[in-house]
Amino acid sequence: MGHVWRVEAVDDWTMTPDSDQPRTTDEPLGTKEKFWVNAPDESRYLFKYARVRHGRTMGEDWVEWAVHELATMLSVPTATAIPALHGGRRGVLSLSVLAPGDRLIHGNELLARADPEYDSQVARQNPRYTVEAVHNALRGVAAPSDCQPPVLTAFDAWASFLMLDAWVAGRDRHHENWAAIEHAGKLRLAPSFDHGNALGFQEPESKVQALAEAGESVARWARRGRSHHFGDKPGLVHLASTALNLAGDEVREYWLGKLADVTNHDIESVLANVPSDYLSEAGRTFRVKLLHLNRERILHGD
Ligand SMILES: Nc1ncnc2c1ncn2[C@@H]1O[C@H](COP(=O)(O)OP(=O)(O)O)[C@@H](O)[C@H]1O
Ligand SMILES: [Mg+2]
């Protein structure tokens, strides 16, 4: 398998307005935190800058790349992510999941269609944003196009998004970070996207050092991982198991089997490709420990 790390410089690529959301301000494209861009081969990408805090570039770019690679090992459909530079600034490219004529319908819109009382404007601790509500909202929606039996419905695949989140400590599964694709009047779940908020991307190096050296417990760090978007702020592993259980025995065993098949060597080989100016040795050690631990928590109970 690939895991190739190659940074694309997009300075000469063609910036294009987002066809879904025409620009309303005079702000030139590219000065924002993200913009759509066409590669020379005409494929379309969303470029997102990695954020800089206190002079330090946080790791959303390499994390989004790594999560896509890890998800691919599980057959969890995710948008392809490529590390990139724009004007010398670090970022990540997310390959559009849309073909011409497709339209993205976000989770909040699907939830509001299924539940008239659903407040699609409340992204944090939305009391009506529950696994059961998503199950209802995805009724009649097909799985992403590259899924195999027993993964037949959108919810069968959506459950794997939550398993992925629990594995990589992804805390950003709010109702606009998943969607359906509408094509010729039919709906199917879109591959998962927006994975930069994971793997402790925001932790400063001093903290990373402590976690790598077992000066601080990775288990304690991991157990604090909750989703602040779902109504009752569930722990990520609990959330994943709720979704897998609701998907049914066959689908749950299929996804857990995929995770069980991943070896520590597989995990290390993904992280080994991230260069040291993006990810320190301690940073790598911490993430290997974290992925190993979360895998055990998902497979064998928390
Ligand atoms: N690969 C993709 N294909 C199509 N649309 C996408 C893709 N990635 C993101 N989007 C759209 O762009 C929006 C913002 O992108 P996202 O990755 O969620 O970044 P942010 O960190 O700004 O939330 C998403 O909510 C979705 O509507
Ligand atoms: Mg998002």
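Modeller: Arg103 stands opposite Glu182 in strand 10. Strand 10 covers residues 179-183 and pairs with strand 9 in the antiparallel sense over 4 bridges. Strands here are DSSP runs of E with at least two residues, helices are runs of H or I with at least four, and both are numbered from the N terminus. Two strands count as paired if DSSP finds at least two bridges between them.

This is a predicted model, in which local features need pLDDT of at least 70 and side-chain atom pairs count only at pLDDT 80 or more, while totals for chains, interfaces and linings use all residues. Residues are numbered from 1 along each chain as its sequence is written, chains are lettered from A and ligands numbered from 1 in the order in which they are written, and side-chain values use heavy atoms, with hydrogens and water left out.

The sheet is open, with 3 antiparallel strands in the order 9-10-11. Strand 9 (103-106) and strand 11 (186-189) are at the edges with a single partner strand each, so one side of each has no neighbour in the sheet. From one strand to the next the twist averages 35°. Helix 2 (residues 107-114) lies across strand 9, strand 10 and strand 11, at about 65° to strand 9. Contact means heavy atoms within 4.5 Å; axes are lines fitted to C-alpha atoms, for helices over the stretch in contact, and angles between N-to-C directions run from 0 to 180 degrees.

The loop between strand 10 and strand 11 holds Ala184. Its phi is near 50°, a positive value in a residue other than glycine. Most residues other than glycine have a negative phi, and most peptide bonds are trans. A cis peptide bond joins Pro149 and Pro150, with omega about 10°. Pro150 sits in the loop between helix 3 (131-137) and helix 4 (154-168).

Now the wider setting. The chain is divided into domain 1 (8-95) and domain 2 (103-300), with bounds from an automatic or database domain assignment. Their contact takes 25 residues from domain 1 and 37 residues from domain 2. The area buried between the two is about 2600 Å², 75% of it from carbon and sulfur atoms; buried area is the accessible area (1.4 Å probe) that two parts lose on being put together, summed over both. Trp62, Leu74 and Pro77 supply 28% of what domain 1 buries against domain 2, more than any other three residues.

Between the domains the count is 1 salt bridge, that is, a side-chain nitrogen of Lys or Arg within 4 Å of a carboxyl oxygen of Asp or Glu. Asp194 and Lys48 meet in a salt bridge at 3.4 Å, N to O. On the domain 1 side that touches domain 2, helix 1 gives the most, with 12 residues. Lys48 also forms a salt bridge with Glu64, where the closest N and O atoms are 3.0 Å apart. This pair links distant parts of the chain, with Glu64 in helix 1 and Lys48 in strand 4, 16 residues apart. Helix 1 (residues 60-73) lies across strand 4 (44-49), strand 7 and strand 8, at about 30° to strand 8.
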